[in-house]
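Let's work through some exercises on a protein model together. Keep the sequence and the 3D view open, try each task yourself, and then follow the solution step by step.

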Amino acid sequence: MFDKSTWIKLPRNVLQGHGVLDDLADAVADLYLSGDPLLVTSPSPERIAGDRVRAQFDNVATVSLDRASFESVERVVEVGREHDAGYLIALGGGKPIDVAKMASDELDCGFVSVPTAASHDGIVSGRSSIPEGDTRHSVAADPPLAVVADTELLAESPWELTTAGCADIISNYTAVKDWELAHRLKNVEYSEYAGALSQMTAEMLVQSADSIKPGLEESAWIVTKALVSSGVAMSIAGSSRPASGAEHLFSHQLDRIAPNRALHGHQVGVGSILTEYFHSGPRGEWQDIRDALSTVGAPTTANELGIDDETVIDALTTAHEIRDRYTILGDGVSEDAAIEAATITGVI
Ligand SMILES: NC(=O)C1=CN([C@@H]2O[C@H](COP(=O)(O)OP(=O)(O)OC[C@H]3O[C@@H](n4cnc5c(N)ncnc54)[C@H](OP(=O)(O)O)[C@@H]3O)[C@@H](O)[C@H]2O)C=CC1
Ligand SMILES: O=C(CO)COP(=O)(O)O
Ligand SMILES: [Zn+2]
(Lines give C-alpha, C1' and ligand atoms only; values in the text may rest on other atoms or scores of the structure.)
(Ligands and ions follow the chains in the order given, each with its own letter.)
Protein backbone atom coordinates (compact mmCIF):
# COMPACT_ATOMS: atom_id res chain seq x y z
CA MET A 1 0.00 0.00 0.00
CA PHE A 2 1.24 3.52 -0.78
CA ASP A 3 1.46 5.24 2.60
CA LYS A 4 3.36 8.48 2.04
CA SER A 5 1.71 11.79 2.86
CA THR A 6 2.78 15.36 3.40
CA TRP A 7 1.25 18.68 4.45
CA ILE A 8 3.19 21.74 3.25
CA LYS A 9 2.29 25.02 4.89
CA LEU A 10 3.35 28.12 2.98
CA PRO A 11 2.56 31.84 3.06
CA ARG A 12 -0.31 32.55 0.67
CA ASN A 13 0.68 36.10 -0.25
CA VAL A 14 4.25 37.33 -0.52
CA LEU A 15 4.61 41.02 -1.35
CA GLN A 16 8.09 42.35 -1.84
CA GLY A 17 9.22 45.70 -3.19
CA HIS A 18 9.43 49.45 -2.84
CA GLY A 19 6.57 50.87 -0.74
CA VAL A 20 4.57 47.61 -0.44
CA LEU A 21 3.94 48.39 3.23
CA ASP A 22 1.07 50.55 2.02
CA ASP A 23 -0.47 47.44 0.38
CA LEU A 24 -0.61 45.58 3.69
CA ALA A 25 -4.39 46.02 4.13
CA ASP A 26 -4.99 44.74 0.56
CA ALA A 27 -2.77 41.73 1.18
CA VAL A 28 -4.72 40.98 4.37
CA ALA A 29 -8.11 41.50 2.67
CA ASP A 30 -7.08 38.93 0.10
CA LEU A 31 -6.71 36.33 2.88
CA TYR A 32 -10.44 36.51 3.82
CA LEU A 33 -9.63 36.74 7.53
CA SER A 34 -12.26 37.83 9.99
CA GLY A 35 -11.93 40.06 13.05
CA ASP A 36 -9.58 42.89 13.89
CA PRO A 37 -5.78 42.72 13.91
CA LEU A 38 -3.42 42.96 16.85
CA LEU A 39 -0.16 44.65 15.91
CA VAL A 40 2.85 43.00 17.61
CA THR A 41 6.00 45.07 17.33
CA SER A 42 9.08 46.34 19.18
CA PRO A 43 10.31 49.89 19.88
CA SER A 44 12.27 50.78 16.71
CA PRO A 45 9.85 49.22 14.17
CA GLU A 46 6.96 50.85 16.07
CA ARG A 47 8.65 54.23 15.70
CA ILE A 48 9.53 53.67 12.05
CA ALA A 49 6.33 52.13 10.68
CA GLY A 50 3.71 51.64 13.44
CA ASP A 51 1.54 54.55 12.28
CA ARG A 52 1.70 53.46 8.62
CA VAL A 53 0.31 50.06 9.63
CA ARG A 54 -2.39 51.42 11.96
CA ALA A 55 -3.55 53.92 9.31
CA GLN A 56 -4.67 51.01 7.11
CA PHE A 57 -7.04 49.36 9.62
CA ASP A 58 -10.14 50.65 11.45
CA ASN A 59 -9.65 48.95 14.76
CA VAL A 60 -6.18 47.79 15.68
CA ALA A 61 -4.61 47.28 19.11
CA THR A 62 -0.81 47.37 19.55
CA VAL A 63 1.62 45.48 21.78
CA SER A 64 5.25 46.62 21.75
CA LEU A 65 7.82 44.19 23.17
CA ASP A 66 11.29 44.85 24.50
CA ARG A 67 12.46 41.27 24.25
CA ALA A 68 11.59 37.83 22.92
CA SER A 69 10.57 35.62 25.85
CA PHE A 70 7.80 33.28 26.92
CA GLU A 71 6.42 36.14 29.06
CA SER A 72 6.18 38.26 25.91
CA VAL A 73 4.29 35.44 24.16
CA GLU A 74 1.88 35.25 27.11
CA ARG A 75 1.40 39.03 27.06
CA VAL A 76 0.48 38.95 23.38
CA VAL A 77 -1.92 36.05 23.99
CA GLU A 78 -3.57 37.98 26.82
CA VAL A 79 -4.00 41.19 24.78
CA GLY A 80 -5.14 39.12 21.80
CA ARG A 81 -7.90 37.53 23.91
CA GLU A 82 -8.85 40.86 25.50
CA HIS A 83 -9.33 42.43 22.06
CA ASP A 84 -10.74 39.29 20.49
CA ALA A 85 -8.07 39.60 17.77
CA GLY A 86 -8.85 37.83 14.50
CA TYR A 87 -5.18 37.72 13.46
CA LEU A 88 -1.79 39.17 14.37
CA ILE A 89 0.43 41.51 12.37
CA ALA A 90 4.09 41.14 13.33
CA LEU A 91 6.10 44.26 12.49
CA GLY A 92 9.84 44.20 13.13
CA GLY A 93 12.85 41.90 13.26
CA GLY A 94 13.04 38.35 14.58
CA LYS A 95 11.96 39.36 18.07
CA PRO A 96 8.33 40.45 17.44
CA ILE A 97 7.94 38.03 14.53
CA ASP A 98 8.96 34.99 16.62
CA VAL A 99 6.75 36.07 19.52
CA ALA A 100 3.75 36.66 17.22
CA LYS A 101 4.41 33.29 15.53
CA MET A 102 4.15 31.47 18.85
CA ALA A 103 1.28 33.58 20.18
CA SER A 104 -0.78 33.04 17.01
CA ASP A 105 -0.34 29.31 17.52
CA GLU A 106 -1.73 29.61 21.05
CA LEU A 107 -4.53 31.96 19.96
CA ASP A 108 -5.33 29.62 17.10
CA CYS A 109 -5.27 32.45 14.59
CA GLY A 110 -2.96 33.38 11.72
CA PHE A 111 -0.30 36.04 11.54
CA VAL A 112 1.16 38.28 8.87
CA SER A 113 4.90 38.97 8.84
CA VAL A 114 6.02 42.52 8.09
CA PRO A 115 9.80 42.45 8.46
CA THR A 116 11.71 45.68 9.07
CA ALA A 117 15.03 43.81 9.11
CA ALA A 118 16.25 41.20 6.61
CA SER A 119 18.26 39.62 9.43
CA HIS A 120 17.47 35.88 9.11
CA ASP A 121 15.07 33.45 7.48
CA GLY A 122 12.91 33.17 10.64
CA ILE A 123 11.02 36.22 9.33
CA VAL A 124 9.38 33.88 6.78
CA SER A 125 9.62 30.41 8.32
CA GLY A 126 7.40 28.29 10.51
CA ARG A 127 9.96 28.07 13.30
CA SER A 128 10.15 30.22 16.36
CA SER A 129 13.26 30.61 18.45
CA ILE A 130 12.69 31.88 21.98
CA PRO A 131 15.50 32.34 24.52
CA GLU A 132 14.90 31.12 28.10
CA GLY A 133 17.59 31.34 30.78
CA ASP A 134 20.84 30.04 29.31
CA THR A 135 19.07 28.07 26.62
CA ARG A 136 16.89 28.66 23.57
CA HIS A 137 13.81 26.82 22.39
CA SER A 138 13.34 26.22 18.69
CA VAL A 139 9.62 25.60 18.38
CA ALA A 140 7.63 24.44 15.36
CA ALA A 141 4.71 26.72 14.51
CA ASP A 142 2.82 27.74 11.39
CA PRO A 143 4.52 30.07 8.89
CA PRO A 144 2.99 33.50 8.25
CA LEU A 145 -0.18 33.66 6.17
CA ALA A 146 1.42 36.53 4.26
CA VAL A 147 4.76 38.31 4.13
CA VAL A 148 4.90 42.01 3.30
CA ALA A 149 8.54 43.00 2.84
CA ASP A 150 8.99 46.65 1.93
CA THR A 151 12.47 46.98 0.42
CA GLU A 152 12.51 50.76 0.96
CA LEU A 153 12.10 50.18 4.70
CA LEU A 154 14.51 47.25 4.79
CA ALA A 155 17.18 49.21 2.92
CA GLU A 156 17.08 51.86 5.65
CA SER A 157 17.61 49.37 8.50
CA PRO A 158 21.07 49.06 10.08
CA TRP A 159 23.38 47.48 7.49
CA GLU A 160 24.63 44.73 9.80
CA LEU A 161 21.10 43.30 9.99
CA THR A 162 21.18 42.81 6.20
CA THR A 163 24.67 41.25 6.21
CA ALA A 164 23.40 38.90 8.95
CA GLY A 165 20.54 37.84 6.66
CA CYS A 166 23.06 37.18 3.86
CA ALA A 167 25.21 35.06 6.16
CA ASP A 168 22.17 33.05 7.34
CA ILE A 169 21.55 32.20 3.67
CA ILE A 170 25.21 31.42 2.90
CA SER A 171 25.10 28.96 5.82
CA ASN A 172 22.54 26.91 3.86
CA TYR A 173 25.52 25.37 2.00
CA THR A 174 26.72 23.52 5.09
CA ALA A 175 23.21 22.93 6.46
CA VAL A 176 22.36 20.96 3.30
CA LYS A 177 25.63 19.01 3.48
CA ASP A 178 24.83 18.06 7.09
CA TRP A 179 21.33 17.03 6.13
CA GLU A 180 22.63 14.83 3.29
CA LEU A 181 25.18 13.30 5.66
CA ALA A 182 22.51 12.55 8.27
CA HIS A 183 20.41 10.97 5.52
CA ARG A 184 23.29 8.73 4.40
CA LEU A 185 24.53 7.77 7.86
CA LYS A 186 21.40 7.83 10.00
CA ASN A 187 18.63 7.38 7.49
CA VAL A 188 17.18 10.78 8.40
CA GLU A 189 14.34 11.68 6.04
CA TYR A 190 15.65 13.94 3.26
CA SER A 191 13.78 16.00 0.69
CA GLU A 192 15.68 16.39 -2.60
CA TYR A 193 13.41 19.28 -3.52
CA ALA A 194 13.92 21.21 -0.25
CA GLY A 195 17.66 20.49 -0.26
CA ALA A 196 18.06 21.67 -3.87
CA LEU A 197 15.99 24.82 -3.24
CA SER A 198 18.01 25.71 -0.16
CA GLN A 199 21.33 25.17 -1.94
CA MET A 200 20.21 27.08 -5.03
CA THR A 201 19.10 29.96 -2.80
CA ALA A 202 22.61 30.21 -1.33
CA GLU A 203 24.19 29.95 -4.79
CA MET A 204 22.00 32.71 -6.22
CA LEU A 205 22.78 35.02 -3.32
CA VAL A 206 26.51 34.42 -3.70
CA GLN A 207 26.28 35.08 -7.46
CA SER A 208 24.69 38.45 -6.65
CA ALA A 209 27.07 39.24 -3.79
CA ASP A 210 28.72 42.12 -5.67
CA SER A 211 25.36 43.94 -5.78
CA ILE A 212 24.87 43.66 -2.02
CA LYS A 213 26.04 47.02 -0.73
CA PRO A 214 24.88 49.51 1.91
CA GLY A 215 22.51 52.16 0.60
CA LEU A 216 21.34 50.04 -2.36
CA GLU A 217 17.67 49.02 -2.21
CA GLU A 218 18.57 46.26 -4.67
CA SER A 219 20.48 44.61 -1.80
CA ALA A 220 17.36 44.40 0.36
CA TRP A 221 15.55 42.92 -2.66
CA ILE A 222 18.16 40.18 -3.23
CA VAL A 223 18.40 39.24 0.45
CA THR A 224 14.64 39.21 1.10
CA LYS A 225 14.04 37.07 -1.96
CA ALA A 226 16.59 34.58 -0.61
CA LEU A 227 15.06 34.61 2.88
CA VAL A 228 11.62 33.86 1.43
CA SER A 229 13.03 31.03 -0.65
CA SER A 230 14.88 29.56 2.33
CA GLY A 231 11.67 29.76 4.40
CA VAL A 232 9.83 27.91 1.64
CA ALA A 233 12.54 25.19 1.67
CA MET A 234 11.96 24.73 5.42
CA SER A 235 8.20 24.59 4.86
CA ILE A 236 8.62 21.92 2.20
CA ALA A 237 10.91 19.91 4.49
CA GLY A 238 8.60 20.39 7.48
CA SER A 239 11.73 21.15 9.54
CA SER A 240 14.60 23.63 9.66
CA ARG A 241 17.01 20.99 8.30
CA PRO A 242 17.54 22.69 4.88
CA ALA A 243 18.76 25.85 6.61
CA SER A 244 20.13 24.68 9.95
CA GLY A 245 22.99 22.24 10.43
CA ALA A 246 26.12 22.16 12.58
CA GLU A 247 26.83 25.86 11.94
CA HIS A 248 23.51 26.62 13.67
CA LEU A 249 24.35 24.29 16.57
CA PHE A 250 27.59 26.28 16.98
CA SER A 251 25.65 29.56 16.96
CA HIS A 252 23.01 28.30 19.42
CA GLN A 253 25.82 27.20 21.73
CA LEU A 254 27.44 30.66 21.44
CA ASP A 255 24.08 32.14 22.45
CA ARG A 256 24.22 30.03 25.59
CA ILE A 257 27.79 30.69 26.64
CA ALA A 258 28.27 34.21 25.26
CA PRO A 259 24.77 35.69 24.88
CA ASN A 260 24.01 38.84 22.90
CA ARG A 261 27.51 39.35 21.52
CA ALA A 262 26.78 38.92 17.82
CA LEU A 263 23.81 38.57 15.47
CA HIS A 264 22.47 35.09 14.68
CA GLY A 265 23.36 35.32 10.98
CA HIS A 266 26.91 36.47 11.69
CA GLN A 267 27.47 33.58 14.09
CA VAL A 268 26.13 30.93 11.71
CA GLY A 269 28.29 32.40 8.91
CA VAL A 270 31.49 31.90 10.90
CA GLY A 271 30.16 28.50 12.00
CA SER A 272 29.71 27.61 8.35
CA ILE A 273 33.39 28.31 7.56
CA LEU A 274 34.37 25.93 10.36
CA THR A 275 31.92 23.14 9.57
CA GLU A 276 32.74 23.32 5.85
CA TYR A 277 36.36 22.74 6.87
CA PHE A 278 35.23 19.59 8.70
CA HIS A 279 33.26 18.49 5.64
CA SER A 280 35.89 19.00 2.97
CA GLY A 281 39.27 19.53 4.64
CA PRO A 282 42.04 22.13 4.35
CA ARG A 283 41.74 22.52 0.57
CA GLY A 284 37.96 22.31 0.60
CA GLU A 285 35.27 24.90 -0.01
CA TRP A 286 35.55 26.74 3.31
CA GLN A 287 37.49 29.46 1.47
CA ASP A 288 34.53 30.03 -0.89
CA ILE A 289 32.23 30.43 2.11
CA ARG A 290 34.67 32.82 3.81
CA ASP A 291 35.06 34.85 0.59
CA ALA A 292 31.28 35.07 0.07
CA LEU A 293 30.81 36.28 3.65
CA SER A 294 33.60 38.75 3.23
CA THR A 295 32.16 40.12 -0.04
CA VAL A 296 28.82 40.95 1.62
CA GLY A 297 30.61 42.46 4.63
CA ALA A 298 29.74 39.74 7.17
CA PRO A 299 32.26 38.68 9.85
CA THR A 300 34.65 35.81 9.13
CA THR A 301 36.64 35.75 12.38
CA ALA A 302 36.04 35.42 16.12
CA ASN A 303 37.47 38.89 16.55
CA GLU A 304 34.95 40.39 14.09
CA LEU A 305 32.16 38.64 16.00
CA GLY A 306 33.44 40.25 19.21
CA ILE A 307 33.93 36.80 20.74
CA ASP A 308 37.22 35.54 22.18
CA ASP A 309 39.05 32.54 20.74
CA GLU A 310 38.53 30.30 23.80
CA THR A 311 34.75 30.81 23.64
CA VAL A 312 34.72 29.85 19.95
CA ILE A 313 36.59 26.62 20.73
CA ASP A 314 34.34 25.95 23.71
CA ALA A 315 31.21 26.39 21.52
CA LEU A 316 32.63 24.27 18.71
CA THR A 317 33.53 21.33 20.98
CA THR A 318 30.14 21.32 22.76
CA ALA A 319 27.78 22.33 19.91
CA HIS A 320 26.72 18.71 19.27
CA GLU A 321 25.02 18.70 22.71
CA ILE A 322 22.50 21.37 21.67
CA ARG A 323 19.90 19.08 20.17
CA ASP A 324 19.40 15.64 18.74
CA ARG A 325 20.35 16.55 15.14
CA TYR A 326 23.07 14.51 13.46
CA THR A 327 25.70 16.65 11.71
CA ILE A 328 29.36 16.61 10.70
CA LEU A 329 30.15 17.23 14.39
CA GLY A 330 29.02 13.66 15.10
CA ASP A 331 29.31 13.02 18.83
CA GLY A 332 31.70 15.94 19.25
CA VAL A 333 35.02 17.24 17.95
CA SER A 334 38.11 17.23 20.17
CA GLU A 335 39.66 20.46 21.40
CA ASP A 336 42.78 19.86 19.29
CA ALA A 337 40.69 19.32 16.14
CA ALA A 338 38.64 22.45 16.89
CA ILE A 339 41.76 24.57 17.41
CA GLU A 340 43.30 23.24 14.19
CA ALA A 341 40.14 23.97 12.16
CA ALA A 342 39.74 27.45 13.61
CA THR A 343 43.42 28.26 13.09
CA ILE A 344 43.70 26.99 9.51
CA THR A 345 40.50 28.82 8.49
CA GLY A 346 41.71 32.01 10.20
CA VAL A 347 38.65 32.14 12.46
CA ILE A 348 40.99 32.47 15.47
N1 LIG B 1 12.71 31.81 13.96
C2 LIG B 1 13.95 31.61 13.61
O3 LIG B 1 14.24 30.72 12.81
C4 LIG B 1 15.02 32.48 14.15
C5 LIG B 1 14.75 33.37 15.16
N6 LIG B 1 15.72 34.17 15.71
C7 LIG B 1 15.31 35.11 16.78
O8 LIG B 1 15.21 36.40 16.22
C9 LIG B 1 15.73 37.36 17.13
C10 LIG B 1 16.92 38.03 16.50
O11 LIG B 1 16.55 38.56 15.27
P12 LIG B 1 16.74 40.08 14.92
O13 LIG B 1 16.01 40.36 13.64
O14 LIG B 1 18.17 40.43 15.02
O15 LIG B 1 15.96 40.71 16.18
P16 LIG B 1 15.32 42.04 16.62
O17 LIG B 1 13.89 42.01 16.32
O18 LIG B 1 15.75 42.20 18.04
O19 LIG B 1 16.01 43.19 15.75
C20 LIG B 1 17.38 43.51 15.93
C21 LIG B 1 17.55 44.98 16.30
O22 LIG B 1 17.24 45.76 15.18
C23 LIG B 1 16.30 46.76 15.53
N24 LIG B 1 15.52 47.01 14.32
C25 LIG B 1 14.67 46.18 13.66
N26 LIG B 1 14.27 46.74 12.52
C27 LIG B 1 14.86 47.97 12.45
C28 LIG B 1 14.84 49.03 11.50
N29 LIG B 1 14.13 48.96 10.37
N30 LIG B 1 15.57 50.13 11.77
C31 LIG B 1 16.30 50.23 12.91
N32 LIG B 1 16.37 49.25 13.83
C33 LIG B 1 15.65 48.13 13.59
C34 LIG B 1 15.57 46.23 16.72
O35 LIG B 1 15.14 47.33 17.49
P36 LIG B 1 14.22 47.23 18.82
O37 LIG B 1 15.04 46.52 19.86
O38 LIG B 1 13.96 48.63 19.17
O39 LIG B 1 13.06 46.47 18.43
C40 LIG B 1 16.68 45.42 17.43
O41 LIG B 1 17.42 46.27 18.27
C42 LIG B 1 16.09 36.62 18.40
O43 LIG B 1 15.00 36.70 19.28
C44 LIG B 1 16.30 35.20 17.92
O45 LIG B 1 16.02 34.27 18.92
C46 LIG B 1 16.98 34.14 15.20
C47 LIG B 1 17.29 33.28 14.17
C48 LIG B 1 16.35 32.37 13.59
O1 LIG C 1 17.84 29.79 12.04
C2 LIG C 1 17.22 28.91 11.50
C3 LIG C 1 17.37 28.65 10.04
O4 LIG C 1 18.15 29.64 9.43
C5 LIG C 1 16.30 28.04 12.28
O6 LIG C 1 17.03 27.03 12.77
P7 LIG C 1 16.82 26.27 14.16
O8 LIG C 1 15.82 25.24 13.90
O9 LIG C 1 18.20 25.73 14.40
O10 LIG C 1 16.44 27.28 15.21
ZN1 LIG D 1 19.44 30.77 10.85
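**Exercise 1.** Find Ser72: in which helix does Ser72 lie, and is Ser72 buried or exposed?

*Solution.* 
- Step 1: Ser72 belongs to helix H3, which covers residues 70–82. Helices (H or I, at least four residues) and strands (E, at least two) are DSSP runs, numbered from the N terminus.
- Step 2: Check its accessibility. Ser72 has a relative accessible area of 9%, so Ser72 is buried. Here buried means under 20% relative accessible area, exposed over 50%, and partly exposed in between (1.4 Å probe, protein chains only).
- Step 3: List its neighbours. Not counting residues up to four places away in sequence, Ser72 touches Leu65, Arg67 and Val99. Contact means heavy atoms within 4.5 Å.
- Step 4: Look at its side chain. The side chains of Ser72 and Ser69 are joined by a polar contact of 3.0 Å. A polar contact is a pair of N or O atoms within 3.5 Å; within protein, one must be able to donate a hydrogen and the other to accept it, and residues adjacent in sequence count only if both atoms are side-chain atoms.

A note before you go on: this is a predicted model, in which local features need pLDDT of at least 70, side-chain atom pairs count only at pLDDT 80 or more, and totals for chains, interfaces and linings use all residues. Residues are numbered from 1 along each chain as its sequence is written, chains are lettered from A and ligands numbered from 1 in the order in which they are written, and side-chain values use heavy atoms, with hydrogens and water left out.

**Exercise 2.** Describe how domain 1 and domain 2 meet.

*Solution.* 
- Step 1: Find the area. About 2,000 Å² is buried between domain 1 and domain 2, and carbon and sulfur atoms give 61% of it. Buried area is the accessible area (1.4 Å probe) that two parts lose on being put together, summed over both.
- Step 2: See who loses the most. On the side of domain 1, these are Gln16, Ala118 and Asp121, together 29% of what that side buries.
- Step 3: Count the links. A salt bridge is a side-chain nitrogen of Lys or Arg within 4 Å of a carboxyl oxygen of Asp or Glu.
- Step 4: Name the elements. Strand E1 (13–17), strand E7 (135–140) and helix H5 (151–155) each supply at least two residues to the side of domain 1 that touches domain 2. H5 gives the most, with four residues.

**Exercise 3.** How many residues of helix H14 are buried, and what covers them?

*Solution.* 
- Step 1: Count. Seven of the ten residues of H14 (residues 309–318) are buried.
- Step 2: Name some. Among them are Val312, Ile313 and Leu316.
- Step 3: Look around. The cover includes helix H10 (246–257), helix H11 (264–280), helix H13 (302–305) and helix H15 (335–344).

**Exercise 4.** What is the phi of Asn187, and where does Asn260 lie?

*Solution.* 
- Step 1: Recall the rule. Most residues other than glycine have a negative phi.
- Step 2: Check Asn187. Its phi is positive, about 60°, although Asn187 is not a glycine. Asn187 lies in the loop between helix H7 (172–186) and helix H8 (192–207), and its 64% relative accessibility makes Asn187 exposed.
- Step 3: Check Asn260. Its phi is also positive, near 60°. Asn260 sits in the loop between H10 and H11 and is exposed, at 77%.

**Exercise 5.** Which residue pairs with Asp22 in a salt bridge?

*Solution.* 
- Step 1: Recall the idea. Side chains of opposite charge can pair when their charged atoms come close.
- Step 2: Find the partner. Asp22 forms a salt bridge with Arg52, and their closest N and O atoms are 3.2 Å apart.
- Step 3: Trace the chain. Asp22 is in the loop between E1 and helix H1 (24–29), Arg52 is in helix H2 (residues 43–54), and the two are 30 residues apart.
- Step 4: Check accessibility. Asp22, at 46%, is partly exposed, and Arg52, at 30%, is partly exposed too.
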